[in-house]
Amino acid sequence: MIKKTLILAALFLVMHALLISELAPAYEIIRHQWQYNRAAAEKFIYSERTPNNVLVGSSLSQRIKIEDQEFFNLSFSGLSSLDGLRLILQRETLPKKVLVETNLLTREEDPRFTEALEEQPLRFAREHVLSLREGRHPMDWFAYLAEKYTNALFATKPVSSFVKNDTRGGLEKIVAAEKARHSIAPDPQLITEKALRLKQYVNELKDRGTEVVFYEMPVNEDLCDLILPKTIRQQMHETFPPDQYTYIPQPDCSGYQTSDGVHLTADEAERYSKYLHEYARASR
Amino acid sequence: MLFNSFSFVYLFLVTFLLYYIPRLAKLQVSILIVASLIFYSFDNVALVGLLLFSATVNITTSYLIVYGKSPAKKTIALTGVVINLAALALFKYGPLFGKTFFDPDDSIGELLIKMPLPIGISFFTFEGISLVVDVWRGKELGRKIVALSIFDHAKNTLFFISFFPHLVAGPILKAHDFFPQVGTKYFKDIQWESAFKAIVAGYFLKMVVADNLKDFTFWIEYPYFETIASATLITLLFGYSCQIFADFAGYSLIAIGLARLFGYQFNANFNFPYISTSFKEFWKRWHISLSTFLMEYLYYPLGGNRKGKFRTYFNLILTMILGGLWHGAAWSYAVWGFAHGLALAVERFITDKIQIRSNVIINATKGLFVFSYVTAAWVLFKLPDFSHVAGYFQSIARNFDIGIDRSLNISILVYSIPVIIYHHLYLYRESRAVQSIRRVQYIPYAVMVFLILTNSGSTGSFIYFQF
């Protein structure tokens, strides 16, 4: 029974690998944010060519979509800019420019994320066998087809969980929770530690010839100048003085709409992406 | 160290190879002890000290009970149990007491709140209690369990408590089940097929089902549920119910399979719990090692059902509250235990008074009710804050006009299908269809192996590690 099981499983693996590599090498099914994180990380670490410009940040920056092949978004939901920087520094060839989101400077790094990506022999297997990478899960394909079928059956657009016009105050509660979080001053020791950690990565990038540009994403205008973002800004300017480092100015928060107080809506993310792209190309 | 990590695979392979070298046969137990201590200390070496302390207490008290000259055997047994519970209380419940009864700025409060939670403490503490109580209860049993040589007894006890397959998340072994098995094991006696099936099913439930579901049930958390449609909130709960089963049953199956490779038999820990048509049945099928432990070492000593009806209901509720608290140092777990205790008591009250007929429709209704109640209670595991629990159910009651996220719902249902199939295969096990599947069982196992390699979710700790 064991032999038959293993032989049949091996056959399934080969068929799956052939199917993916021959019929749909570029096609991937992403069903949640962690898959998105891993898929982005894998694309970055397995690509032979290093993109000229790389963005690192959190879920805030994940919404940035720059239609330029020279830009790569290595932002991760639930993680920080430091995790993206760690991945970049593992490459032999570095990008020419790295854009670093500073909104969530106090967030902890997650070394397990990069360790899981680098763990051998899986790293070797994923590098050479496309079907083992994120976004090629057979069950996710099944879910995708089921969703397509039900959408066609009910002939309505799928709805995102986050409703735009909430009349019950649910969104207000979410924004209020964010406001409460943004009103707490960060632990001075923690923020200094994070800034120094960031400096360590930035120095290494600069030593290896990469330009670093900082940017702060716009958020809900009621949150923009509360104690947390203000303290982060202050710490950033102390550690990376504006006369020595490049900053892309944060646009006026009152001009931007968010879906939950911190994440830009799709339209606003598109608008901000153009803004960031123009500044990034101009900064030297 | 997680079972689904390469460090564990390497440790296992080295241990397995050494274990069956004929010349090292006399050192088999020692090899497993060393491997288990490496396994336990992988993330935090310091906490091995607590494991060794627990083993020392249990070795000493159990030996003194059986071979000691003192007539105060009950006192010795009680001391052993109290020290075990004190260690559990300090490390596990210290932060809860600190937060509830002390000022966090107070030195005692701060000390209690900062107590580290040693992984697996709930499991090895209960096993220690099982040893002490078992040897105290029966002279003959005591001499079967406790070797005459204190060195042999110490070795066997440390092995019993630390054996890595069950060390950090069970099943909870009973001394009278495990000690008689300790002895030399031979390669030719390995039950390869049953071990293989348990390990494959276990890894599938954990890595494919639970680890994927956790990334979707993330949205149960506050404040996200506030703006999610009612139907999606219900699906999320259903998904979480499947996730918690897959996570825990998966771990138990891996533990059972691994133990079998070393020649040790662990009893089944889950017996298709979601087909239960009563709460009494549910607790005979869910986390069997815990429920039998609570019955044997808590419910029966409290009097069980021998002291009248109201005392029986009280014993049931108290046992379940303590069983709930065992799961975690938060009042939400006590409430969860109370909810189950109350269900058991009310069910007993009703079944004592009314004879309910049994037919397909009635059984299905009862099964649906039990499943729904159990699933609703799982919210207390996911949302320890009571206001968030209330908010979740309020959101279910009022978010009917919010659009349903089909993508999220379908993903949850797809990843829950294996749990549904698993239970239905058992329900219809005598049918021709299931019998014919059994004849070609290598096909579903091959599918599971394939999906483990191509469809695993992001690594997450086993939910029961936090207990």
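## The second largest pocket

The second largest pocket holds about 1,300 Å³ of space, where a volume is the space filled by probe spheres set on grid points that are joined across faces, edges and corners. A pocket here is an open set of points on a 1 Å grid over the protein atoms alone, with protein on both sides within 12 Å along at least five of seven lines, whereas a cavity is a set of points where a 1.4 Å probe fits but cannot get out; lining residues have an atom within 4 Å of a point. The model is predicted, and local features need pLDDT of at least 70, side-chain atom pairs count only at pLDDT 80 or more, and totals for chains, interfaces and linings use all residues. Residues are numbered from 1 along each chain as its sequence is written, chains are lettered from A and ligands numbered from 1 in the order in which they are written, and side-chain values use heavy atoms, with hydrogens and water left out.

The lining of this second largest pocket is made of 38 residues, and those that lie nearest its centre are B:Ala201, B:Tyr422, B:Leu425, B:Tyr445 and B:Met448. The elements that give two or more residues to this lining are helix 7 (138-154) of chain A and, from chain B, helix 11 (192-217), helix 12 (230-261), helix 19 (406-427), helix 20 (432-439) and helix 21 (442-454); helices (H or I, at least four residues) and strands (E, at least two) are DSSP runs numbered from the N terminus. Helix 19 of chain B gives the most to the lining, with 7 residues. By class, the lining of the second largest pocket has 28 nonpolar, 6 polar and 4 charged residues, where Ala, Val, Leu, Ile, Met, Phe, Trp, Tyr, Cys and Pro count as nonpolar, Asp, Glu, Lys and Arg as charged, and the others, Gly among them, as polar.

The largest cavity holds about 70 Å³ of space, and its lining includes A:Ser80, A:Leu82, A:Glu101, A:Arg107 and A:Met236. Helix 4 (81-89) and strand 3 (97-101) of chain A are the elements that give two or more residues to the lining of the largest cavity, which divides into 6 nonpolar, 3 polar and 2 charged residues.

The second largest cavity has a volume of about 60 Å³, and among the residues that line it are B:Leu50, B:Phe53, B:Asn84 and B:Phe124. Two or more residues of this lining come from each of helix 3 (48-67), helix 4 and helix 6 (121-137) of chain B, and helix 3 of chain B gives the most, with 4 residues. The lining of the second largest cavity has 7 nonpolar, 3 polar and no charged residues.

Helix 4 (residues 73-101) of chain B has 29 residues and would span 42 Å if it were straight, but its end C-alpha atoms are only 36 Å apart; the expected span is 1.5 Å times one less than the number of residues. Helix 4 of chain B bends by about 65° at B:Tyr93, and the proline B:Pro95 follows within four residues, the bend being the angle between axes fitted to the seven residues ending there and the seven starting there.

Helix 6 of chain B, in contrast, has 17 residues that should span 24 Å, and its end C-alpha atoms are 24 Å apart, which agrees.

## The disulfide

A search of the whole structure finds 1 disulfide over all chains, a disulfide being a pair of cysteine sulfur atoms within 2.5 Å. A:Cys224 and A:Cys253 form this disulfide, with their sulfur atoms 1.9 Å apart. A:Cys224 lies in the loop between strand 4 (211-215) and helix 10 (227-239) of chain A, and A:Cys253 in the loop between strand 5 (246-248) and helix 11 (266-282) of chain A, so the pair ties together parts that are 29 residues apart in sequence. Both A:Cys224 and A:Cys253 are buried.

## Backbone features in loops

The peptide bond from A:Gln120 to A:Pro121 is cis, with omega near 0°, and A:Pro121 lies in the loop between helix 5 (111-118) and helix 6 (122-128) of chain A. B:His287 has a positive phi of about 45° although it is not a glycine, and B:His287 is buried, with a relative accessible area of 0%.

Definitions and conventions
Buried means under 20% relative accessible area, exposed over 50%, partly exposed in between (1.4 Å probe, protein chains only).
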